[in-house]
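Here are a few friendly notes to read alongside the structure. Keep the view open and look for each residue as you go.

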Amino acid sequence: MGGMVFLLAKISTTLIRRLSLCLLGLTLLTNCSFRQMGYDNASWLVQYRVGDYFDLTDSQGDVANPLVAGYVDWLKKEQRPELIKLLQDIRSTTSEPVTKATFQNFHRRYVAMRVSVLGQITPVAGVVFPLLSKEQWQHLQSHLDERDEDQKERVYAQTQKEYDEEEEDRLERRREFT
């Protein structure tokens with residue numbers, strides 16, 4: 001029972017830290033031209049990331065590319081303003097201690113944005129996924145299995161102290177980069 005409580009606490013702590021780091025990173029992006037560059041090249045970035053999971057044939061790409069372009073246009077028009085507003089709200093609270101209610105509000109808004117994004121990409125996947133070959137599905141499954149195993153190893157293998165040290169190292173590297 002104690003091990004389960006520790007695991008749940010670790011997962012909750014991990015989630016909170018990752019969300020905090022994500023929000024911090026997004027906050028930093030609102031201050032630099034990389035944000036605009038990222039949105040301007042989002043179609044390419046999405047296609048590049050999809051390429052990590054499987055290679056589309058030319059005919060599959062002919063179907064997927066316009067759908068992805070439409071999705072990215074939606075992101076630019078609909079999600080970018082919401083994201084900027086969320087990040088501005090986060091930035092406005094950095095001078096004060098963040099209460100649990102404030103954090104929960106930011107988390108709720110973040111989750112709502114994520115659900116909206118997933119809701120927009122689902123129809124695209126619904127068109128593209130049936131076009132995939134058996135080999136492409138197997139490659140996708142293999143890639144996702146590997147990613148899941150890596151995540152499990154990180155969660156189960158690290159002690160809280162190791163995790164804290166690793167997070168501190170990541171933050172330090174980010175500080176050096178900026």
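1. First, a term you will need: a salt bridge is a side-chain nitrogen of Lys or Arg within 4 Å of a carboxyl oxygen of Asp or Glu. Please keep in mind that this is a predicted model. A search of the whole structure finds four salt bridges.

2. Start with Asp89, which forms a salt bridge with Arg109, their closest N and O atoms being 2.8 Å apart. Asp89 sits in helix α4 and Arg109 in helix α5, so this pair ties together parts that are 20 residues apart in sequence. Both Asp89 and Arg109 are buried.

3. Asp89 has another partner: it forms a salt bridge with Lys85, with 2.8 Å between the closest N and O atoms. Here the two residues both lie in helix α4, four residues apart, about one turn of the helix. Lys85 is partly exposed, at 44% relative accessible area.

4. Now look at the two helices themselves. Helix α4 (residues 58-92) packs against helix α5 (residues 100-128) at an angle of about 175°, and their axes are 10 Å apart. Angles over 145 degrees count as roughly antiparallel, which is why α4 is described that way relative to α5. Their contact has 17 nonpolar, three polar and four charged residues.

5. Helix α7 (residues 160-177) holds both Glu167 and Arg170, three residues apart. These two form a salt bridge, with the closest N and O atoms 2.4 Å apart. Glu167 is buried, with a relative accessible area of 6%, while Arg170 is partly exposed at 24%.

6. Finally, find Val63, Val127 and Leu131, which make a nonpolar surface patch of about 200 Å². Leu131 is in the loop between α5 and α6.

Note on methods: Residues are numbered from 1 along each chain as its sequence is written. This is a predicted model: local features need pLDDT of at least 70, side-chain atom pairs count only at pLDDT 80 or more; totals for chains, interfaces and linings use all residues. Side-chain values use heavy atoms; hydrogens and water are left out. Axes are lines fitted to C-alpha atoms, for helices over the stretch in contact, and angles run from 0 to 180 degrees between N-to-C directions. Angles under 35 degrees count as roughly parallel, over 145 as roughly antiparallel, 65 to 115 as roughly perpendicular and the rest as oblique. Ala, Val, Leu, Ile, Met, Phe, Trp, Tyr, Cys and Pro count as nonpolar, Asp, Glu, Lys and Arg as charged, and the others, Gly among them, as polar. Patches are made of residues with over 30% relative accessible area and no salt bridge: like charges are joined within 9 Å, nonpolar side chains (Val, Leu, Ile, Met, Phe, Trp, Tyr) within 5 Å. Accessible areas come from the Shrake-Rupley method with a 1.4 Å probe; for residues, only the protein chains shown count as cover. Buried means under 20% relative accessible area, exposed over 50%, partly exposed in between (1.4 Å probe, protein chains only).
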